[in-house]
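Please keep the sequence and the structure in view while reading.

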Amino acid sequence: MSQIVLAVLDGLGSFVFALSGGVLGVQKGFDLFGVLLLSFVVAVTGGITRDVLIGSVPPVSIASWHNLAIAIAGGLLTFYVYPLVRSRQRDVLLFDAIGLAVFAVTGTTKALAFGIDPVMAAVLGMISGIGGGMARDVLAGEIPSVLRADIYAVAALAAGAVVSVGHVLGSWPAGSMLLGAAVCLFLRLMAIYRGWRIPAARWRDDGSK
Amino acid sequence: MSQIVLAVLDGLGSFVFALSGGVLGVQKGFDLFGVLLLSFVVAVTGGITRDVLIGSVPPVSIASWHNLAIAIAGGLLTFYVYPLVRSRQRDVLLFDAIGLAVFAVTGTTKALAFGIDPVMAAVLGMISGIGGGMARDVLAGEIPSVLRADIYAVAALAAGAVVSVGHVLGSWPAGSMLLGAAVCLFLRLMAIYRGWRIPAARWRDDGSK
Amino acid sequence: MSQIVLAVLDGLGSFVFALSGGVLGVQKGFDLFGVLLLSFVVAVTGGITRDVLIGSVPPVSIASWHNLAIAIAGGLLTFYVYPLVRSRQRDVLLFDAIGLAVFAVTGTTKALAFGIDPVMAAVLGMISGIGGGMARDVLAGEIPSVLRADIYAVAALAAGAVVSVGHVLGSWPAGSMLLGAAVCLFLRLMAIYRGWRIPAARWRDDGSK
């Protein structure tokens, strides 16, 4: 059962990530195919990077066409009803937080299953969650937003850390995953609605504060 | 025999891709080594990405120095006789179309040989064809041209799709590859000489058309 | 013994690369987590790329948390005492040259141990050395400095070439590595203190010199 829940959430995460790629593609004036390509890249880059690094080759998103289909659905939706997606930007942010949480906990779980050190498994969970958005921003000619502001990567890392700590302590895996996802969601919601931030670098270039 | 023809075409494709990297490197004022590095990246990134994703490691372009030598030849030629390459830009576009077609059909064929799902094999053929150019544009600080305009990635995907459909139907592989390459070439020629385009996103940022 | 020396130098290289990531992150105004993320990327991308390409999966920097810890130390140092790191920029350049030399010779040695062709092993050594800095510049929205100027990638390649030639001639490996590292260091020092350069492309866009 939980396998099915995870697969559904994973698909939902891919779909929302594809929407975020599609929105940026439309804003940059890409053609239809460019929008679909960007949607696909955002939906699958995090998971593909994780799979290549842990030696799970071919990666899930290459071995099967399911994530491709989900990404194309997200890209087409954005391309043809952009105003709707745009006006739902806040909902997209919410779904994106869910996608991030799911990718982080499933990514960490998969890395642990491949025998990766728990600390690095949490990092791989984070990479699963943020890789797509980083690729999206680089391809669109922008500095990845995850580097600059906002509680985003750190929320994914926290989720991964919860799963890894649970693994080391021998807890019930589904419990750790739920708790990890909840931590990630909470941090994202605080960032979105309360403006929580991580301190930025305080130095001016001449070395003064 | 057809193995030799393929190897020759593959080398020709690498060479032309290297030229396109060299031209951009010279335009950006890179030094000799930067131009050669960019030529190498454009020539091999697509194939390396495909090989890593299907689990064919070390990738062809890493296991042997042949593609390196071809890329260096292309880079040196551009660096030292840039005006000649530049004045032949139209010919370079033609050869580039040949390179794209060859990479797409050989990439799809290789992915199928590694047991990849036919739909994703066509996508991997496309990645083989467009990966180098995408890396070139990102490294040169530009949004990949393949995302923005032109019938380019879609031509590579069409070639891969023909090969994959042929594989599923059990057709003669060389026939599918020839037909796929012809479709890709046709689409590229129409794009270059007739200005065929894919519709771009029609939305303004406020959601109006 | 030499294993320990290599590990120490490798750690030193990772640390200095992390500093260079941290400095750029602070200059771009990234938040603390962004600075740490960039430090990590710069410290490990070269080695991870090499390991994925030669089939040594999971890569060293993913299998163990040591390089992560080193990168975080470098990133934290830069974030909290930026003026100190900044005022020691010249020293950082020196350490960076050491890091480049170490990564190039260890990278080539590892590639040779995995049975890679000697020419390509030298290229993989170069990739180990320059990969992190290239990722750093792309993520920060800049054209990789290694493409534009300076004797940098070519110094790493020279180091790799010395190791590969030594391997083919059957020389004492540690001797080749020392000589290779010395060549790399010498070239870097000449570039930093004497302004040695590689000729840049001489053509204007209209084809005239």
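The contact between chain A and chain B takes 34 residues from chain A and 32 residues from chain B, where contact means heavy atoms within 4.5 Å. The model is a predicted one, in which local features need pLDDT of at least 70 and side-chain atom pairs count only at pLDDT 80 or more, while totals for chains, interfaces and linings use all residues. Residues are numbered from 1 along each chain as its sequence is written, chains are lettered from A and ligands numbered from 1 in the order in which they are written, and side-chain values use heavy atoms, with hydrogens and water left out.

Between chain A and chain B, the buried area is about 2,600 Å², and carbon and sulfur atoms give 75% of it; buried area is the accessible area (1.4 Å probe) that two parts lose on being put together, summed over both. In chain A, the residues that lose the most area to chain B are Asp31(A), Phe33(A) and Ile62(A), together 24% of what that side buries. Across this interface the count is 0 salt bridges, a salt bridge being a side-chain nitrogen of Lys or Arg within 4 Å of a carboxyl oxygen of Asp or Glu. The side of chain A that touches chain B draws two or more residues from each of several elements, including helix H1 (2–27), helix H2 (32–54) and helix H4 (66–80) of chain A; helices are DSSP runs (H or I, at least four residues), numbered from the N terminus. H2(A) gives the largest share of that side, 8 residues. By class, the side has 24 nonpolar, 7 polar and 3 charged residues. In this division, Ala, Val, Leu, Ile, Met, Phe, Trp, Tyr, Cys and Pro count as nonpolar, Asp, Glu, Lys and Arg as charged, and the others, Gly among them, as polar.

Asp31(C), Phe33(C) and Ile62(C) supply 24% of the area that chain C buries against chain A, more than any other three residues. Between these chains the count of salt bridges is 0.

Within chain A, helix H7 (residues 118–139) and helix H9 (residues 153–169) pack at an angle of about 145°, with their axes 8 Å apart. Axes are lines fitted to C-alpha atoms, for helices over the stretch in contact, and angles run from 0 to 180 degrees between N-to-C directions. Among the residues that meet are Ala122(A) and Met126(A) in H7(A), and Leu157(A) and Gly160(A) in H9(A). The residues of this contact divide into 11 nonpolar, 2 polar and no charged.

Over all chains, a search of the whole structure finds 12 salt bridges. One salt bridge joins the side chains of Asp51(B) and Lys110(B) (3.0 Å, N to O). Because Asp51(B) lies in helix H2 (residues 32–54) and Lys110(B) in helix H6 (residues 89–113) of chain B, the pair ties together parts that are 59 residues apart in sequence.

In chain C, Val162(C) lies in helix H9 (residues 153–169). Val162(C) and Ser176(C) are 14 residues apart in sequence, and their C-alpha atoms are 6.3 Å apart in space.
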